[in-house]
Amino acid sequence: MVESPRCSRESAISARPDYLPTASLEALQQRAALLAELRQFFDSHGYWEVETPILSREVVVDAHLEPFVAQADGCELFLQTSPEFGMKRLLAAGAGAIYQVTRAFRRGECGRYHNPEFTMVEWYRVGSTLIDQMDFVEKLVSHLFARGTALRNQPFARVTYDEAFERHAKSRVLSLETSTLIELAKNHHVPIPESLSPDDRDGWLNLLLAEIVEPQLGQDVPTFVYDYPASQAALARIRPPAVSVAERFELYISGIELCNGYHELTDADELRRRMKVQAQSRAAQGLKELPADNQLLAAMDAGLPASAGVALGFDRLAMLVLGKESLAEVLAFPFDRA
């Protein structure tokens with residue numbers, strides 16, 4: 001297995017012997033109850049639980065996600081960064097409304113709100129829209145928060161990506177050139193990484209989002225941000241108004257991203273094109289080449305039904321519901337104690 005950076009720990013937790021869990025037994029019991037409640041919620045709304053491979057010859061080709069790699073019987077295998085490929089193959093086979101609670105793995109993601117191995121809840125419903133899934137997420141999250149730190153009894157806010165930037169960075173950004181984004185970062189005194197290229201428009205957008213916008217999101221009320229830049233669509237559909245946008249949303253609570261939802265792409269040729277772009281970006285960064293052919297493309301060629309889906313970080317949800325300050329307080333053994 002490829003090595004990953006060690007995670008830093010907070011002093012109060014690191015002072016405990018390494019054989020002990022970083023979370024209290026009470027918190028772990030509360031986490032278990034929350035997980036049981038989540039499953040019951042999905043079951044009561046017509047979803048059924050599925051399982052797909054964690055270890056696979058296929059993996060999402062993404063310039064920003066680095067998988068763990070394993071060798072077995074002469075084959076190169078990947079620990080999945082998401083169960084998306086397997087679940088969409090089930091949709092193509094006729095599954096209508098499915099969810100999965102699984103472990104996902106991403107190299108280099110360490111910190112207060114990150115762990116390289118984490119619990120992901122992912123679900124899809126054939127025929128649903130982005131709005132349908134925002135409504136569902138709001139009901140799910142509100143229901144689960146009733147078990148712990150209560151949310152304010154009011155509807156979640158919904159703003160577009162451009163509106164969020166206008167509100168917190170004083171400028172819409174979807175139509176801006178990269179040079180203008182750089183000036184915006186300098187005007188806001190944003191620390192600029194030396195590795196960030198002046199040609200990397202998405203890199204500058206992500207920097208501005210992380211440094212200026214995200215910390216303000218969901219502070220008073222949980223907030224959905226939707227209509228992301230088309231260049232950040234991943235596996236979402238593109239809607240072309242005056243400025244093309246990805247049919248994608250994210251939910252923020254207290255400045256923390258909780259989930260990512262898509263109106264799912266069904267065009268296999270478009271997915272091939274996007275994977276090629278991601279592969280070129282990885283090559284330019286000197287990252288490992290990932291397999292481009294996969295069974296999802298074959299399933300999409302055969303016919304993937306229109307659907308919307310969401311991936312939610314359960315560890316972060318548990319942290320927020322239980323009123324904790326870091327993932328280590330809701331995990332038994334984070335990466336550096338595994």
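**Ground rules.** I'm working from a predicted model, where local features need pLDDT of at least 70 and side-chain atom pairs count only at pLDDT 80 or more, while totals for chains, interfaces and linings use all residues. Residues are numbered from 1 along each chain as its sequence is written, and side-chain values use heavy atoms, with hydrogens and water left out.

**Terms.** Strands here are DSSP runs of E, at least two residues, numbered from the N terminus. I call two strands paired if DSSP finds at least two bridges between them.

**Entry: β3 and β4.** I looked up strand β3 (residues 69–72) and found it running antiparallel to strand β4 (residues 75–79), with four bridges between them. Ala-72 sits opposite Cys-75 of β4.

**Entry: β10 and its partners.** Next I went to β10 (residues 245–253).

- Strand β8 (residues 223–229) runs antiparallel to β10 over six bridges, and Pro-229 has Val-245 as its bridge partner.
- Strand β9 (residues 238–239) pairs antiparallel with β10 through two bridges. Here I found Arg-239 opposite Val-245, and a hairpin of five residues joins β9 to β10.
- Strand β11 (residues 256–263) is antiparallel to β10, with six bridges. Phe-249 has Gly-261 as its bridge partner.

**Last note.** β10 and β11 also form a hairpin, with two residues between them, and Ser-254 in the turn shows a positive phi of about 55°.
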